[in-house]
Amino acid sequence: MRNIDHLIAGHAAEAGAGRTSDVYDPNTGKVQAKVTLGTAADLEAAIAAAQKAQPGWAATNPQRRARVMFRFKELVEANMDALAQLLSSEHGKVIADAKGDIQRGLEVIEFCCGIPHVLKGEYTQGAGPGIDVYSMRQPLGIGAGITPFNFPAMIPMWMFGVAIATGNAFLLKPSERDPSVPVRLAELMLEAGAPKGILQVVHGDKEMVDAILDHPAINAVSFVGSSDIAHYVYRRGVEAGKRVQAMGGAKNHGIVMPDADLDQVVADLAGAAFGSAGERCMALPVVVPVGEATATRLRDKLIPAIQALRVGVSTDAEAHYGPVVNAAHKARVENWIQAGVDEGAELVVDGRGFTLQGHEEGFFVGPTLFDHVTPDMSAYKEEIFGPVLQIVRAASFEDAVRLPSEHQYGNGVAIFTRNGHAAREFAARVNVGMVGINVPIPVPVAYHTFGGWKRSAFGDTNQHGMEGVKFWTKVKTVTQRWPDGFGLSGGDLPRGSE
Ligand code: NAD
């Protein structure tokens, strides 16, 4: 049995207490590795290495730090196939999606290759007589990232790319469900030239997370995961005096106006609702047709499209999606399907009880479609995080704006229409952080920023782009005056320099 250990001070390190967690192959349902569950003592070793390495790294000029990012990008690209294979074998997403996961993270690394430019401060000459004011962005010191299972490459890179490029040391606590790719990324960062202690991986569960949140040497914590835990991490981290950003769950809506291209909408939904088995925080699990006629036409087109989806093992190049991450999650998704039935929604396509021949123990869930879902149902209010699409019918554009605006989550939303005015109104008024206009999964590119509203994010700074730079640095502002200590008379100075 393979053991997945911490990566501390440049070396694999086993945990002191000897607790482990099983890492499954979701295709077969079998345990394929055991990951170390760390303790506060393990964290202490990583903190010591980070403290040793960080001052020198912060003092390294930003162009040299950027060169490490360039080399890291090349190494990840050179290892793309192996990384995607490893990611897919622990997560269950198909290889194309695994490559997408890595690629979207690499785009943040590309942004970080330009870090010298974005770290330049502001300057005012002559803010007063002989007085200049300038500001600089300095690293926080040691930062930590706590990441979810569903993007084991992209989300760590969102965080450590910017944190490290700006001069911090970074401790990554990845999901214990698919921890191998984060470790590989940290090894590649070492190979790229990052000093030992600049990117370390500590594994664990709540015990390690609490140790991170309470440790006085950690200045900032970035978290992505489910909302209750995000809120907990936010509260406890802030209480300990840290800077915290904590992204949570989602329930994204796709509004379909009567004038939308329904064939395109159906094709988009096949990917956005069911891709990666619905285990994406920017998935589109709720579709809101406006008007009964739109709803009927959409439903008629959706049913055959959903029935045609191919569920397969994650290495099947023809499969639309693979298994969900583990048995507990499969049971949870199926329980939510039952809850929808119990609450009175119409189950149009039932994905429960799905088995794949030859992989009967795999964690597969068939594609599921509900119609006549209403806002009072708990199956609507809560995040299911599985291959389940719900149709919520809206009578008007106003109703359609209200649904995502009043939902507890506010991560992403999309509108499908040919009407520019409707789209513009919707984008301006909807109470959600990321909006797609005829774009089903509006994940902003790396040089913009990622972040939802309401219970989808606690704290006020987004991931990556300039918001990421802001999160991982603090501003120092200098007001300077240089009296004429060398006896230069005013007449010797060029005019205008006072
Ligand atoms: P999760 O909340 O179970 O786990 C996230 C992290 O928290 C993991 O590292 C885990 O080890 C740790 N953790 C788990 N239980 C804990 C506890 N009791 N105390 C402290 N830490 C704990 O989330 P997940 O199931 O891995 O990921 C899926 C969730 O993440 C979904 O809700 C999804 O919407 C969300 N997500 C959000 C975004 C976003 O940007 N908003 C992006 C991706 C995923």
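Is Ala277 buried or exposed, and how many C-beta neighbours lie inside 10 Å? Ala277 counts as buried, with 34 C-beta neighbours inside 10 Å. A residue is buried if 20 or more other C-beta atoms lie within 10 Å of its own, exposed if 12 or fewer, and partly exposed in between, with C-beta atoms placed from the backbone.

1. **Basis of the note.** This is a predicted model: local features need pLDDT of at least 70, side-chain atom pairs count only at pLDDT 80 or more, and totals for chains, interfaces and linings use all residues. Residues are numbered from 1 along each chain as its sequence is written. Helices (H or I, at least four residues) and strands (E, at least two) are DSSP runs, numbered from the N terminus.

2. An unreviewed UniProt entry places "domain: Aldehyde dehydrogenase" at residues 18-478. UniProt positions follow the numbering used here, feature names are shortened, and annotations may be inferred rather than shown by experiment. Over residues 18-478 the chain is 42% helix and 20% strand. The end C-alpha atoms of that stretch are 50 Å apart.

3. **Two alanines with positive phi.** Ala277 has a phi near 55°, a positive value in a residue other than glycine. Ala277 sits in the loop between α10 (262-274) and β14 (286-289). Ala9 also has a positive phi, near 50°. Its loop runs between β2 (6-8) and β3 (11-13). Ala9 is partly exposed, with 17 other C-beta atoms within 10 Å.

4. **Helix α3.** This helix covers residues 80-91, twelve in number. From first C-alpha to last, α3 reaches 16 Å, close to the 16 Å expected at 1.5 Å a residue. The expected span is 1.5 Å times one less than the number of residues. Its buried residues are Leu83, Ala84, Leu87, Ser88, Ser89, Glu90 and His91. An α-helix has 3.6 residues a turn, so residues three or four places apart point the same way. The cover over the buried residues of α3 includes β4 (20-25), α2 (62-78), α4 (95-112) and α7 (180-191). Just after α3, Gly92 takes a positive phi of about 100°.

5. **Strand β11.** Five of the five residues in β11 (220-224) are buried. In a regular strand the side chains alternate between the two faces of the sheet. Ala220, Ser222 and Val224 are buried on one side of β11, and Val221 and Phe223 on the other.

6. **Partners of β11.** Two strands pair if DSSP finds at least two bridges between them. Four bridges join β8 (residues 142-146) to β11, and the two run parallel. Ala144 has Val221 as its bridge partner in β11. Five bridges join β11 to β12 (residues 243-247), again parallel. Here Ser222 has Gln245 as its partner in β12. Together, β11, helix α9 (residues 227-239) and β12 make a right-handed β-α-β unit. Right-handed applies if, with the strands pointing away from the viewer, the path from the first strand over the helix to the second runs clockwise.

7. **Ile218.** This residue lies in the loop between α8 (206-214) and β11. Ile218 counts as buried, with 24 C-beta neighbours inside 10 Å. Leaving aside neighbours within four places in sequence, Ile218 is in contact with Ile142, Gly143, Ala144, Ile212 and Lys242. Contact requires C-beta atoms, placed from the backbone, to lie within 7 Å.

8. **The three-strand sheet.** This open sheet has the order β6-β7-β23, with antiparallel pairing. Its edges are β6 (123-128) and β23 (473-481), each with a single partner strand, so one side of each is left without a neighbour in the sheet. The twist averages 30° from one strand to the next. Axes are lines fitted to C-alpha atoms, for helices over the stretch in contact, and angles run from 0 to 180 degrees between N-to-C directions. Three bridges join β6 to β7 (residues 131-139). Thr124 has Val133 as its bridge partner in β7.

9. **The seven-strand sheet.** Its order is β15-β16-β17-β14-β13-β19-β20, open and with mixed pairing. The edge strands, β15 (346-349) and β20 (434-437), each pair on one side only. The twist averages 20° from one strand to the next. Helix α12 (residues 327-342) packs on the sheet, touching β15, β16 and β17, and its direction makes about 20° with that of β17. Helix α15 (residues 420-429) also packs on the sheet, touching β13 (253-256), β19 (412-416) and β20. The direction of α15 makes about 175° with that of β20.

How values were computed
Two residues are in contact if their C-beta atoms, placed from the backbone, lie within 7 Å.
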